[in-house]
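Keep the viewer open as you read.

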Amino acid sequence: MRAETLLIRLGKAVAVAAILFWSLFPIVFIVTSSLKPGQDIFAVPPQWTFQPTLQHYVTLWTQWGVFFRGLWNSAVVTVGATLLAVIASTCAGYVFSRHAARWLELSIVGLIAVRLIPPIVVTLPLFPIVNRLGLSDTHLVLIILYATFFVSMGTVLMRTFIDQIPRDLDEAAAIDGASRLTILRRVIVPLAAPGILAVAVFVVVFAWNEFLFAFIFTGTNAKTAPLVISEMIGSIDGVDWGVLFAASTVQLAPVLAFVILMNRYLVAGLTAGATKG
Amino acid sequence: MGVVPLLAPVQLLLLVVVILPSIYVVWLSFHVSSFGQAPEFTGWSNYLRVLSDPAFRSAMWNTVVIVVVAVHLEMLVALGMALLFNSGIPFRRILLVAVLAPYAVSEVVAVAMWRFLFDLDIGPITLMMQTLGLPVLEWSYDPVHATVMIVLLTIWMHLPFTFVILYAARLAMPSDLYEAARIDGASRMQCFWRVTLPLMGPAILVALLFRYIFAFRMFSEVWLLTGGGPARSTEVVAVYLYQEAFSYNAFGTASATALLMVAASLVLASGYIWLLRRQVKNAR
């Protein structure tokens, strides 16, 4: 490898700094601002040294109980949707990986075609139906919707991951008398764990952050955290920025930690999902 | 056929939530219907009404502009970043995680950030631009500036996705190709145009296709940032659709809008992909 000139190194350093600033500045800014006392949020130029305070979090806790209910709802919906999507995708991905038939080929084309339909399109017919079934404003409706919009990608992804597991393993288990379900549980699931985690990352991030479905299908009982934050933004009394930043930080922290922790699976999933699906 | 129970959950979910409702949307788009009324067949009149509605045309135009500008800018930046990452920089793993971070941010929180950063009275970016004597984004009342904000926000949120796909494609390329090109006397530029770009072509196509289709359904960013205003000037198709259905209760025209939206995104994506594919083939 040729020695890099000083100029090229400098250029790279500037580019890296710009990338870091672009990606992280808004996040760092919102988190630090949530800890700034009252007027310091609006100080010009922005203050980077300040006496950190939890006052906005206290206000959030005392005046925005609805936000914490929203967090709970988000957690329930996220866990439910992730379980449903992961289980359904793993089962279907296993079939698509291990069995070949004309109708299966057709149905995988169908799976991919389904992804072309925008979520907002299905809200039109589902809105009256959900209302009539009394499912409006429940966790269940969001769990089903969120899971559904990831099972097609999840299935394709799981097939890609399961394809990499040698067939000899399930054949050996079958000779030992294991049923299909046992093979799936004892052989496939442990070995396809990276794929399962990749699917889980996608669904968790989507379900925790989703706005449109929550906006249309929930009102009071099942209202999720993003919806409460959107109400803070749109508040007619003027935005209380400190509380908004505190709420944003609380909503963002767990999912950001999750993405950082799972970054390997996220990258693997994005790569496999994009090239194969 | 013993596999049917394993396939059932996925097929059932898709059938009930996506496929049957989509068929119903097609049916609805040929009928006039609003809450509590019996639907009545009207032929193509919903489509004609939507297509002749100035608000729809402006929404469609905004969507196309935002999609075309945002997706291409994003692609250029992501391509540059993928090559930079590949050229050997320190702390690559940590930097990769930093670049991924916006992927975790919800649309709602991203809008909160950007509304504050670009607030006309107190936004730090606005104030910084003013001190530097640069023009300020008057996004809350200038539709063009609002569109710029939407484009910036979209790129910020989706850059991780495009970057990861391109970077993975670049990593998968064998390095001996470059050695061979060097030995044959190729310059850096020639290496880029003749080796890197054609080999990354398929990944670029896939990323573009995904981003086209997903950018076309953009709703939350616009809804939360401008609400489509001022005076419906920044509406995109999904916001127009939402207004028709849930503000004006016109489910027939909303359904026609939905199908036009799917059709337009397919046409845009497929025409584009077809062109690019031909170019990639010619370059080889």
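## Where α7 and α8 of chain A meet

Leu169(A), Asp170(A), Ala173(A) and Ala174(A) on the α7(A) side meet Ile183(A), Arg186(A), Val187(A) and Ile188(A) on the α8(A) side. Sorted by class, this contact has six nonpolar residues, two charged ones and no polar ones. Please keep in mind that you are looking at a predicted model.

How do the two helices lie relative to each other? A pair of packed helices is described by the angle between the axes and the distance between them. Helix α7 of chain A covers residues 167-175 and helix α8 of chain A covers residues 180-191; their axes come within 10 Å and cross at roughly 140 degrees. Angles over 145 degrees would count as roughly antiparallel, and α7(A) and α8(A) are therefore oblique to each other. The crossing of α7(A) past α8(A) is right-handed.

## Chain A as a whole

Chain A has 13 helices and zero strands, and its pattern along the sequence reads α-α-α-α-α-α-α-α-α-α-α-α-α. If you want a box for the C-alpha atoms of chain A, it is roughly 70 × 70 × 35 Å along the principal axes.

Of the 277 residues in chain A, 47% count as buried. Among contacts in chain A with a separation of 6 or more, 80% come from residues 24 or more positions apart.

One helix to look at here is α9(A), which is mostly covered, with 13 of its 17 residues buried. From its first C-alpha to its last, α9(A) reaches 24 Å, close to the 24 Å expected at 1.5 Å a residue.

## The side of chain A that touches chain B

Between the two chains, 64 residues of chain A are in contact with 64 residues of chain B. On the chain A side, the elements giving two or more residues are α1 (6-33), α3 (65-98), α5 (119-132), α6 (139-163), α9 (193-209), α11 (225-233), α12 (241-261) and α13 (263-276). Which of them gives the most to this side? That is α1(A), with eleven residues. By class, the side of chain A that touches chain B has 49 nonpolar, 13 polar and two charged residues.

Leaving aside residues up to four places away in sequence, Pro26(A) touches Met113(B) and Leu117(B). Pro26(A) has 23 C-beta neighbours inside 10 Å, so it counts as buried.

## Helix α5 of chain B

Helix α5 of chain B runs over residues 107-117, and eleven of its eleven residues are buried, so it is largely enclosed by the rest of the structure.

In chain B, helix α3 (residues 54-86) packs against helix α11 (residues 237-247) at an angle of about 150 degrees, with the axes 8 Å apart. That angle makes α3(B) roughly antiparallel to α11(B). From α3(B), the contact uses Ala55(B), Phe56(B), Ala59(B), Met60(B) and Thr63(B), and from α11(B) it uses Val237(B), Val239(B) and Tyr240(B). These residues divide into seven nonpolar, one polar and no charged.

## Loop residues to check

The loop between α5 and α6 of chain A holds Gly134(A) and Asp137(A). Gly134(A) is exposed, with 8 other C-beta atoms within 10 Å, whereas Asp137(A), with 16 C-beta neighbours inside 10 Å, counts as partly exposed. The C-alpha atoms of Gly134(A) and Tyr146(A) are separated by 18 Å, and the two residues are twelve apart along the chain.

If you like to review backbone angles, Asp137(A) has a positive phi of about 65 degrees although it is not a glycine. Phe91(B) is another residue other than glycine with a positive phi, near 55 degrees. Phe91(B) sits in the loop between α3 and α4 (92-100) of chain B, and with 10 C-beta neighbours inside 10 Å it counts as exposed.

Notes: Residues are numbered from 1 along each chain as its sequence is written. Chains are lettered from A and ligands numbered from 1 in the order in which they are written. This is a predicted model: local features need pLDDT of at least 70, side-chain atom pairs count only at pLDDT 80 or more; totals for chains, interfaces and linings use all residues. Axes are lines fitted to C-alpha atoms, for helices over the stretch in contact, and angles run from 0 to 180 degrees between N-to-C directions. Helices (H or I, at least four residues) and strands (E, at least two) are DSSP runs, numbered from the N terminus. Angles under 35 degrees count as roughly parallel, over 145 as roughly antiparallel, 65 to 115 as roughly perpendicular and the rest as oblique. A crossing is left-handed if the near helix is turned anticlockwise from the far one by less than a right angle, and right-handed if clockwise. Two residues are in contact if their C-beta atoms, placed from the backbone, lie within 7 Å. Ala, Val, Leu, Ile, Met, Phe, Trp, Tyr, Cys and Pro count as nonpolar, Asp, Glu, Lys and Arg as charged, and the others, Gly among them, as polar. A residue is buried if 20 or more other C-beta atoms lie within 10 Å of its own, exposed if 12 or fewer, and partly exposed in between; C-beta atoms are placed from the backbone. The expected span of a helix is 1.5 Å times one less than its number of residues.
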